[in-house]
Amino acid sequence: MLQALFHHEATRLPALMDDLRTIVVGTGAAPRSAWIEGSVAEGVDRPGEPLVLGFLAGARDVSRVAEALRADLALVERDYDVTIEVRGWTDADLATLADGEAERLRGAQVLRGPHPVSYLGGEPDRGREPRSLVSHEAHDRRALLAAAWIARRLDRDPELPRRARSWLVHRLHEGSEQEASELGEWLRLLDNASIPRLQYVLRDGGERSTRLRQSNPFLPVLSEAERSALREEVGR
């Protein structure tokens, strides 16, 4: 029983981080960059302390992005019994940070886009190795498991590519230039690839498929029932 308990706790944080990534990528108002900041990111949080999700957006968009994220994160807070504080930043905010605040951001763990310190004209602190919430290898494995689940789902739901394509078209109009290349590649796949070819791309272990799975357009269009089934089957 103790082993099962520790195993559950060991997998809980990676699963939470993956769900946060999915929400950040999938929200209709995706930020340019998003990260976990503060004590949780640095591994010094105390029981019950909130997780702080920071993000960067334009001054006109920051309130809209924050509202969209808070709405999407409500189920995650319920499922993981965690409090998530959403903190929006603009370029001006980052440019005028006090030294202490800038130092705090050096320990941030990135969910999407560049590290926030890159917007300060500096680099993350290399003097110490920050705690990795989820290694790249672990994240890639979980992305592969989710993609394999979607590949199987395509056999039963041939309408899923159409829904993903609709999301992509919307996202390409709303998203940043940084996203455009990979989202455009997905759009070309959905326009031209057969279901078996899409399944191959989703399951393949090669470099291209590994890269494309980081912006998987099928995840944002899953229904709540499908998301629950995905979590139950692959632990997301």
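**Notes on the predicted model**

1. Let me start at a loop. Asp-81 sits in the loop that runs between α3 and β3. Please keep in mind that this is a predicted model. The phi angle of Asp-81 is near 50°, a positive value in a residue other than glycine. Most residues other than glycine have a negative phi, which is the reason for pointing out this one. Is Asp-81 buried or exposed? Its relative accessibility is 72%, and because the cut-off for exposed is over 50%, Asp-81 counts as exposed.

2. Now for the overall picture. The protein chain has eleven helices and four strands. It holds 236 residues, of which 45% count as buried. Among the contacts with a separation of 6 or more, 67% are between residues 24 or more positions apart.

3. The sheet comes next. In which order do the four strands lie? They form an open sheet that reads β3-β2-β1-β4, with mixed pairing. β3 (84-89) and β4 stand at the edges with a single partner strand each, so one side of each has no neighbour in the sheet. On average, neighbouring strands of this sheet are turned by 25° against each other, direction ignored. Helix α3 (residues 62-80) packs on the sheet and touches β2 and β3. The direction of α3 makes about 165° with that of β3.

4. β1 (residues 33-37) pairs with β2 (residues 51-56) in the antiparallel sense, over five bridges. With β4, the pairing of β1 is also antiparallel, over three bridges.

5. How many of the five residues of β1 are buried? Five of the five are, so β1 is largely enclosed by the rest of the structure. In a regular strand the side chains alternate between the two faces of the sheet. Here, Ser-33, Trp-35 and Glu-37 point one way from β1, while Ala-34 and Ile-36 point the other way, and all are buried.

6. Ser-33 lies in strand β1 and is buried, with a relative accessible area of 0%. Which residues does Ser-33 touch, leaving out those up to four places away in sequence? They are Gly-54, Phe-55, Leu-56, Arg-112, Gly-113, Pro-114 and Tyr-119.

7. Next, a histidine. His-115 lies in the loop between β4 (109-112) and α6 (136-156). Why does His-115 count as buried, although it is in a loop? Its relative accessibility is 14%, and the cut-off for buried is under 20%. The side chain of His-115 reaches the backbone oxygen of Ala-108 at 3.1 Å.

8. On to the aromatic rings. The count comes to one aromatic pair. That pair is made by Trp-186 and Phe-218 and is edge-to-face, with 6.0 Å centre to centre and 90° between the planes. It links distant parts of the chain: Trp-186 belongs to helix α8 (residues 177-192), and Phe-218 to the loop between α10 (207-213) and α11 (224-234), 32 residues apart. Trp-186 is buried, with a relative accessible area of 0%, and Phe-218 is buried with a relative accessible area of 0% as well.

9. Last, helix α9 (residues 195-203). Its buried residues are Leu-198, Gln-199, Val-201 and Leu-202. Seen down the axis of α9, these fall within an arc of 160°, so they line one face of the helix. An α-helix has 3.6 residues a turn, so residues three or four places apart point the same way. Which exposed residues does the face of α9 turned away from the buried side carry? Pro-196 and Tyr-200 are found there.

Notes:
Residues numbered from 1 in each chain as written. Predicted model: local features only at pLDDT ≥ 70, side-chain atom pairs only at ≥ 80, totals over all residues. Heavy atoms only, no water. Helix = DSSP H or I, 4+ residues; strand = E, 2+ residues; numbered from the N terminus. Buried < 20%, exposed > 50% of the residue type's maximum accessible area, 1.4 Å probe, protein only. Polar contact = N/O pair within 3.5 Å; in protein donor to acceptor, adjacent residues only side chain to side chain. Arc of directions from axis to C-beta. Phe/Tyr/Trp six-rings, centres within 6.5 Å; stacked < 30°, edge-to-face > 60°. Pairing = 2+ DSSP bridges. Axes fitted to C-alpha atoms, helices over the stretch in contact; angles between N-to-C directions. Contact = heavy atoms within 4.5 Å.
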